[in-house]
There are 2 protein chains.
Amino acid sequence: MKNSQLYKGSLNTIIMKLLEENGRMYGYEITQKVKLITKGELNITEGALYPALHKLEADGLLDVEVERVDNRLRKYYKLTKSGEKETVNRLAELEEFIKNMQTLVTPNINPDLQY
Amino acid sequence: MKNSQLYKGSLNTIIMKLLEENGRMYGYEITQKVKLITKGELNITEGALYPALHKLEADGLLDVEVERVDNRLRKYYKLTKSGEKETVNRLAELEEFIKNMQTLVTPNINPDLQY
DNA sequence: CAAATATACATAAATTTCTTATGCATAACA
DNA sequence: TGTTATGCATAAGAAATTTATGTATATTTG
């Protein structure tokens with residue numbers, strides 16, 4: 001990924017969310033889209049991306065279709081049924097995570113919570 | 001930590017923010033406070049916490065004061081000057097991270113961004 | 001009052017995730 | 001024609017965390 005350690009653990013969620021949104025994507029496309037969306041802040045390295053895609057596929061969350069475009073290989077990934085379900089869970093976890101981190105950073109965001 | 005992988009990489013930032021806020025805390029206190037704030041969602045394990053504290057101390061970001069309370073040992077940690085500066089950076093990174101993740105999850109949060 | 005739980009620290013082995021470094025191949029650009 | 005972009009892959013190493021222990025005292029509970 002990039003500088004701050006914070007992105008560790010979020011790669012799978014990012015991949016799955018993008019696939020949920022775009023139907024199908026190939027690896028290189030994912031790296032470029034993430035770079036665009038985060039205005040260059042997050043650069044997914046190939047060494048992280050490809051093993052992650054392979055693992056998601058092995059876990060039955062992604063399906064692959066290989067295509068040749070401009071005489072170059074592309075592996076299009078899309079969510080399986082199981083992957084779609086899991087994506088819902090992951091996104092819910094992500095929202096909880098973000099909420100919790102915001103609360104930790106600015107605890108008075110939730111004045112009801114006494115500690 | 002807990003279930004979702006997302007918290008990986010955020011432990012140091014959490015520790016430093018809590019210390020910035022509370023002046024000084026001991027390890028066990030940190031675990032309990034985090035549990036409270038996140039309503040039980042995030043449980044920092046000892047195997048993660050203590051090595052993290054030791055490393056932050058070794059890096060000169062934390063100072064320790066050992067005290068005996070109720071005949072039990074406590075190691076109070078607080079930010080050094082250097083640690084205070086670094087905390088500002090880490091929190092800025094965290095905010096950027098959260099923004100980016102929110103954008104990834106709900107890209108239309110920023111309609112100006114075309115891709 | 002004995003057993004279980006809470007408080008409080010610590011470390012070591014194994015696992016997971018990611019970085020860094022390569023490698024291969026084609027296309028486009030300068 | 002050399003560099004950059006596109007597109008995939010893997011392997012070695014680093015870093016953070018989990019899981020499993022270990023030690024010790026205090027408190028609660030049956």
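1. A word on terms to begin: helix axes here are lines fitted to C-alpha atoms over the stretch in contact, with angles running from 0 to 180 degrees between N-to-C directions. Helices (H or I, at least four residues) and strands (E, at least two) are DSSP runs numbered from the N terminus.

2. Please keep in mind that this is a predicted model, in which local features need pLDDT of at least 70 and side-chain atom pairs count only at pLDDT 80 or more, while totals for chains, interfaces and linings use all residues. Residues are numbered from 1 along each chain as its sequence is written, chains are lettered from A in the order in which they are written, and side-chain values use heavy atoms, leaving out hydrogens and water.

3. In chain B, the axes of helix H2 (residues 27-37) and helix H3 (residues 46-58) come within 10 Å and cross at roughly 125°. H2(B) and H3(B) are therefore oblique to each other (angles under 35 degrees count as roughly parallel, over 145 as roughly antiparallel, 65 to 115 as roughly perpendicular and the rest as oblique). B:Gly27, B:Tyr28, B:Ile30 and B:Thr31 of H2(B) meet B:Leu49, B:Tyr50 and B:Leu53 of H3(B), where contact means heavy atoms within 4.5 Å.

4. Chain A is worth a look too: the axes of H2(A) and helix H3 (residues 46-58) come within 10 Å, crossing at roughly 125°. That makes H2(A) oblique to H3(A). On the H2(A) side the contact uses A:Gly27, A:Tyr28, A:Ile30 and A:Thr31, and on the H3(A) side A:Leu49, A:Tyr50 and A:Leu53.

5. Now for helix H4 (residues 81-105) of chain B. With 25 residues at 1.5 Å a residue, H4(B) should span 36 Å, and its end C-alpha atoms are 36 Å apart, which agrees; the expected span is 1.5 Å times one less than the number of residues.

6. Several residues of H4(B) are buried, including B:Arg90, B:Leu94, B:Phe97 and B:Met101 (buried means under 20% relative accessible area, exposed over 50%, partly exposed in between, with a 1.4 Å probe and protein chains only). Their cover comes from both chains: it includes helices H1 (11-22), H2 (27-37) and H4 (81-105) of chain A, together with helix H1 (11-22) and strand S3 (72-79) of chain B.

7. Finally, do look at A:Tyr76 in strand S3 (residues 72-79) of chain A. At 12% relative accessibility, A:Tyr76 counts as buried. Its contacts beyond four places in sequence include A:Arg24, A:Tyr26, A:Glu29 and A:Asp63. The C-alpha atoms of A:Tyr76 and A:Gly23 are separated by 9.7 Å, although these residues are 53 residues apart along the chain.
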